[in-house]
Amino acid sequence: MEEKPKHPDRVVGWPGTLDELVDAIFAMDYVQLASFTAKLAKRAKKESLDDAQRDSLTNPKEKRVKLSAALLETSHCFRSAHDNLMTAIIICKPFM
């Protein structure tokens, strides 16, 4: 039985390429795309908080502070993407 990697190098269950996945995601309406980026932001923040509590593999006396900070910044970027998509929705609404 093949062991699944903790962090696979592809989207499990998605048969296409990453480029095709991006195209499929951007084919959604902006409301769903904004919802998706909000979910990514929430998940990145959760991962950040989790890693802030985990011991460093190189120094067990320390936590994964750098990883946590990078993931928190990622969360902020996804939240910014969400906010920008919400602005796009307002701009597009009169034309839909």
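In which helix is Leu 18 found? Leu 18 is found in helix 1, which spans residues 18–26; helices (H or I, at least four residues) are DSSP runs numbered from the N terminus. This is a predicted model, in which local features need pLDDT of at least 70 and side-chain atom pairs count only at pLDDT 80 or more, while totals for chains, interfaces and linings use all residues. Residues are numbered from 1 along each chain as its sequence is written, and side-chain values use heavy atoms, with hydrogens and water left out. The structure holds four salt bridges, and its largest pocket contains about 590 Å³ of space.

**Largest pocket**

- A pocket is defined on a 1 Å grid over the protein atoms alone, as an open set of points where a 1.4 Å probe fits, with protein on both sides within 12 Å along at least five of seven lines.
- The volume of about 590 Å³ is the space filled by probe spheres set on the points, with grid points joined across faces, edges and corners.
- The lining of the largest pocket comprises 15 residues, and His 7, Pro 8, Val 11, Leu 40 and Arg 43 are those nearest its centre; a lining residue has an atom within 4 Å of a point.
- At least two lining residues come from each of helix 1, helix 2 (30–53) and helix 3 (65–92).
- Helix 2 makes the greatest contribution to this lining, with five residues.

**Nonpolar surface patch**

- Val 11, Trp 14 and Leu 18 make a nonpolar surface patch of about 260 Å².
- Patches consist of residues with over 30% relative accessible area and no salt bridge; nonpolar side chains (Val, Leu, Ile, Met, Phe, Trp, Tyr) are joined within 5 Å, and like charges within 9 Å.
- Accessible areas come from the Shrake-Rupley method with a 1.4 Å probe, and for residues only the protein chains shown count as cover.
- Leu 18 counts as exposed because its relative accessibility is 55%; the classes are buried (under 20% relative accessible area), exposed (over 50%) and partly exposed (in between).
- Val 11 belongs to the segment before helix 1 and is partly exposed, at a relative accessible area of 36%.
- Val 11 and Leu 21 are ten residues apart in sequence, and their C-alpha atoms are 8.9 Å apart in space.

**Salt bridges**

- A salt bridge is a side-chain nitrogen of Lys or Arg within 4 Å of a carboxyl oxygen of Asp or Glu.
- Side chains of opposite charge can pair when their charged atoms come close.
- Asp 50 and Lys 46 form one of the salt bridges, with 2.6 Å between the closest N and O atoms.
- Both residues of the Asp 50 and Lys 46 pair lie in helix 2, four residues apart, which is about one turn of the helix.
- Asp 50 is partly exposed at 25% relative accessibility, and Lys 46 is partly exposed with a relative accessible area of 43%.
- Asp 51 counts as buried because its relative accessibility is 5%, and its side chain meets that of Arg 54 in a salt bridge of 2.9 Å, N to O.
- Arg 54 is partly exposed, at 33% relative accessibility.
- Asp 51 also forms a salt bridge with Arg 64, whose closest N and O atoms are 3.3 Å apart.
- Asp 51 lies in helix 2 and Arg 64 in the loop between helix 2 and helix 3, so this pair ties together parts that are 13 residues apart in sequence.

**Contacts between helix residues**

- Leu 85 of helix 3 counts as buried because its relative accessibility is 13%.
- The C-alpha atoms of Leu 85 and Ala 34 are separated by 5.6 Å, although the two residues are 51 residues apart along the chain.
- Ala 41 is placed in helix 2 and counts as buried, at 3% relative accessibility.
- Ala 41 and Phe 78 are 4.9 Å apart in space, C-alpha to C-alpha, and 37 residues apart in sequence.

**Cysteines**

- A disulfide is a pair of cysteine sulfur atoms within 2.5 Å, and the count by this rule is zero.
- Cys 77 is partly exposed at 45% relative accessibility, and Cys 92 is partly exposed at 24%.

Technical notes: Buried < 20%, exposed > 50% of the residue type's maximum accessible area, 1.4 Å probe, protein only.
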